Amino acid sequence: MAGGITDTGELYSPYVGLVYMFNLIVGTGALTMPKAFATAGWLVSLILLLFLGFMSYMTTTFVVEAMAAANAQLRWKRMEKHKEDDEDEDSSSGVSDSDVLLHDGYERAETRPILSVQRRGSANIFEITERVEMGQMASMFFNKVGVNLFYFCIIIYLYGDLAIYAAAVPVSLMQVTCSVTGNHSCSVGDGTKYNDTDKCWGPIRRIDAYRLYLAAFTLLLGPFTFFNVQKTKYLQIMTSLMRWIAFILMIILALIRIGRGQAEGHPSMAQLSGIRNLFGVCVYSFMCQHSLPSLITPISKKKHINKLVVLDYILILAFYSLLSFTAIYCFRNDTLMDMYTLNFTNCEIISVAFIRYFLGLFPVFTISTNFPIIAVTLRNNWKTLFHREGGTYPWVVDRIVFPAITLIPPVLVAFCTHDLESLVGITGAYAGNGIQYLIPAFLAYCSRKDTQLVFGSGTVNKHLSPFRHTFWIVFVLIWGFSCFVFVTANIVLSESKL
């Protein structure tokens with residue numbers, strides 16, 4: 001999920017940061033993971049989940065290292081600017097450098113070795129105190145082509161995000177309301193397969209109901225793209241609470257069903273044909289790199305930040321495994337829905353109507369609150385990409401064109417397809433691959449080169465990644481480019497078979 005986590009300057013403890021990071025990563029992607037697990041087989045899914053979790057952790061440490069390097073560069077530039085200003089003032093006042101040295105503290109300069117001063121300064125200069133977003137880091141460390149490629153990648157990812165959100169809400173509404181008002185009341189999760197041409201309400205087909213909900217969703221939330229919206233603290237608390245209630249309910253209900261001997265799932269160990277979608281879903285489900293500056297910067301004590309990140313990833317891996325394994329053993333593969341919450345809208349599984357509607361409509365509430373924020377983030381990235389120093393946009397371009405090119409494409413994609421597993425898979429496999437693997441690896445490589453150039457080869461970044469050897473950067477880059485080739489080849493081969 002994209003977007004900032006906290007307001008700038010609002011500090012919190014490392015453990016609060018751990019909770020925020022958990023909430024950031026565990027989002028919509030987790031709801032599509034059970035079906036991806038079922039289609040790829042439990043053994044293949046578990047191995048790939050562990051490996052991609054490790055890769056995501058590695059690139060997270062790359063981004064933290066680049067943030068520290070960017071903070072050092074900004075701090076150094078300000079020091080150089082102050083030095084130039086002081087020299088200008090000294091020359092204008094006729095005061096010599098030796099006089100300034102004496103005035104600033106002759107005894108301190110004489111008694112403290114030069115190397116110790118440099119070491120002391122270099123230790124503090126890498127403190128992460130300023131929020132430097134990934135776009136700003138790209139501008140600092142990449143050339144013009146690299147910056148444009150970065151914005152292209154982040155824009156495509158945000159478009160995919162919006163298309164997933166625009167499809168998920170109408171799908172949930174269609175599934176719940178059509179089953180309630182149609183001839184198959186309470187049977188969304190009973191294994192019945194519906195076609196888009198099946199009746200929903202009278203002459204209205206299911207696909208018509210979906211598109212009506214999509215139109216209503218666009219009309220209600222689309223206008224926010226034309227204004228500035230920010231996630232409030234209370235909205236974040238509410239959505240996080242609803243998310244955790246829903247996830248815990250689904251795990252408990254699946255475990256109860258398994259414990260009573262009502263489990264229907266018999267998952268296979270491996271199905272290679274499902275790896276493509278599973279890969280994209282897993283990448284999407286571990287996505288946090290683009291929001292790390294908003295998440296890490298407000299943490300008050302960053303000394304053990306890598307250990308906290310490791311703990312977070314271990315908890316997330318355990319949670320994803322628990323959610324997915326309970327799902328694939330509780331439900332048959334052919335009954336698992338793209339949006340896992342919809343499996344719990346069946347009367348036979350849950351007799352309490354309130355819980356059925358809460359889980360069935362859960363994506364509607366949480367995704368609807370995030371959609372305007374992602375849309376504004378995408379709109380602002382478009383503006384930044386085309387911005388020229390000192391230039392301003394005409395009112396029509398600023399208020400109409402940029403919001404329109406932000407809103408229209410994802411709504412058109414959602415109009416054409418509501419296959420959430422494929423949308424998540426493709427978004428994660430392509431744009432998510434670039435943001436999670438390629439961009440962090442290039443940021444780490446370029447920031448290390450710049451740090452050595454500016455501060456000297458002996459300077460050590462206090463937030464240097466544990467994967468400091470160049471081998472790891474090369475490994476991530478080879479893995480990222482290989483994934484592009486594999487996913488593309490898989491799609492081409494699948495389409496040719498059809």
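Which helix holds Thr218? Thr218 is found in helix H8, residues 206-221. The model is predicted.

**Thr218**

The relative accessible area of Thr218 is 18%. Buried means under 20%, so Thr218 is buried. Leaving aside residues up to four places away in sequence, Thr218 touches Pro223, Leu407 and Val411.

**Helices H2 and H12**

Two packed helices are described by the angle between their axes and the distance between the axes. Here the pair is H2 (residues 28-40) and H12 (residues 305-330). Their axes come within 9 Å. They cross at roughly 55°. H2 and H12 are therefore oblique to each other. The crossing of H2 and H12 is right-handed.

On the H2 side, the contact is made by Ala30, Met33, Pro34, Phe37 and Ala38. H12 contributes Tyr320, Leu323, Ser324, Phe325, Ala327 and Ile328. By class, the contact of H2 with H12 has 10 nonpolar residues and 1 polar residue. No charged residues take part in this contact.

**Annotated spans**

An unreviewed UniProt entry carries the annotation "transmembrane region". According to that entry, the annotation covers residues 12-31, 43-70, 141-160, 210-229, 241-258, 308-329, 349-378 and 471-493.

| Span | Distance between end C-alpha atoms | Helix | Strand |
|---|---|---|---|
| Residues 12-31 | 29 Å | 80% helix | 0% strand |
| Residues 349-378 | 40 Å | 87% helix | 0% strand |

Terms used. Residues numbered from 1 in each chain as written. Predicted model: local features only at pLDDT ≥ 70, side-chain atom pairs only at ≥ 80, totals over all residues. Heavy atoms only, no water. Axes fitted to C-alpha atoms, helices over the stretch in contact; angles between N-to-C directions. Helix = DSSP H or I, 4+ residues; strand = E, 2+ residues; numbered from the N terminus. Parallel < 35°, antiparallel > 145°, perpendicular 65-115°, else oblique. Left-handed = near helix turned anticlockwise from the far one by under 90°. Contact = heavy atoms within 4.5 Å. Nonpolar A, V, L, I, M, F, W, Y, C, P; charged D, E, K, R; others polar. Buried < 20%, exposed > 50% of the residue type's maximum accessible area, 1.4 Å probe, protein only. UniProt positions renumbered as here; feature names shortened; annotations may be inferred.
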